[in-house]
Amino acid sequence: QYQLEHHLFPSMPRSKYPALRPILQKFADDNRIPGGYRESGEFEILYMNWKLYRDVANADPVPGAPYSRGHGQLGAIDSGNSPAAGGIGGKPKP
């Protein structure tokens, strides 16, 4: 999958990822990275992402964070609790 390689070097041509893999494996070993360099299959990655989404959706709200439940990101912005309230160059809503 070469996800790590892609995220570390997004402009690197994909054809170069296999040559980068042993370098990253050695780096992980030398620096005792927890879990080391590991590869995940496509379905394992999908499962991990959906599990993360579920856990975040079910988590308790963070005190002081803008309200967004049921309103999404735009709801949080429009609530006036965001620096983006009022849009780019606009004035925050009262």
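**View 1. Arg32, an exposed residue in a loop of the predicted model.** Arg32 is exposed, with a relative accessible area of 74%. Exposed means over 50% relative accessible area, buried under 20%, and partly exposed in between (1.4 Å probe, protein chains only). Arg32 sits in the loop between H2 and H3. Helices (H or I, at least four residues) and strands (E, at least two) are DSSP runs, numbered from the N terminus. Arg32 is not a glycine, yet has a positive phi of about 50 degrees. Most residues other than glycine have a negative phi. This is a predicted model in which local features need pLDDT of at least 70 and side-chain atom pairs count only at pLDDT 80 or more, while totals for chains, interfaces and linings use all residues. Residues are numbered from 1 along each chain as its sequence is written, and side-chain values use heavy atoms, with hydrogens and water left out.

View 2. H2 covers residues 17–30. Its 14 residues should span 20 Å at 1.5 Å a residue, and the end C-alpha atoms are 20 Å apart, which agrees. The expected span is 1.5 Å times one less than the number of residues. Tyr17, Leu20, Leu24 and Ala28 are the buried residues of H2. Seen down the axis of H2, these buried residues fall within an arc of 80 degrees, so they line one face of the helix. The arc is that of the directions from the helix axis to the C-beta atoms. Ala19, Ile23, Lys26 and Asp29 are exposed, on the face of H2 turned away from its buried side. Helix H1 (3–8) is included in what covers the buried residues of H2.

**View 3. Arg21 and its contacts.** Arg21 lies in helix H2. At 27% relative accessibility, Arg21 counts as partly exposed. Leaving aside neighbours within four places in sequence, Arg21 is in contact with Tyr2, Glu5, Tyr37 and Glu39. Contact means heavy atoms within 4.5 Å. Arg21 and Tyr37 are 16 residues apart along the chain, and their C-alpha atoms are separated by 8.9 Å.

View 4. The loop between H1 and H2 holds Arg14. Arg14 counts as exposed, at 59% relative accessibility.

**View 5. The largest pocket.** The largest pocket has a volume of about 390 Å³. On a 1 Å grid over the protein atoms alone, a pocket is an open set of points where a 1.4 Å probe fits, with protein on both sides within 12 Å along at least five of seven lines; lining residues have an atom within 4 Å of a point. Grid points are joined across faces, edges and corners, and the volume is the space filled by probe spheres set on them. The lining has 17 residues, of which Gln3, Leu4, Tyr37, Arg38 and Glu39 lie nearest the centre. H1, H2 and helix H3 (42–58) each supply at least two lining residues. H1 gives the most, with 4 residues.

**View 6. Confidence along the helices.** The protein chain has 4 helices and 0 strands. Its mean pLDDT is 78, and 69% of its residues reach 70 or more. pLDDT is the predictor's confidence in each residue, from 0 to 100. Among the elements, H2 has the highest mean pLDDT (91) and helix H4 (residues 72–81) the lowest (59).
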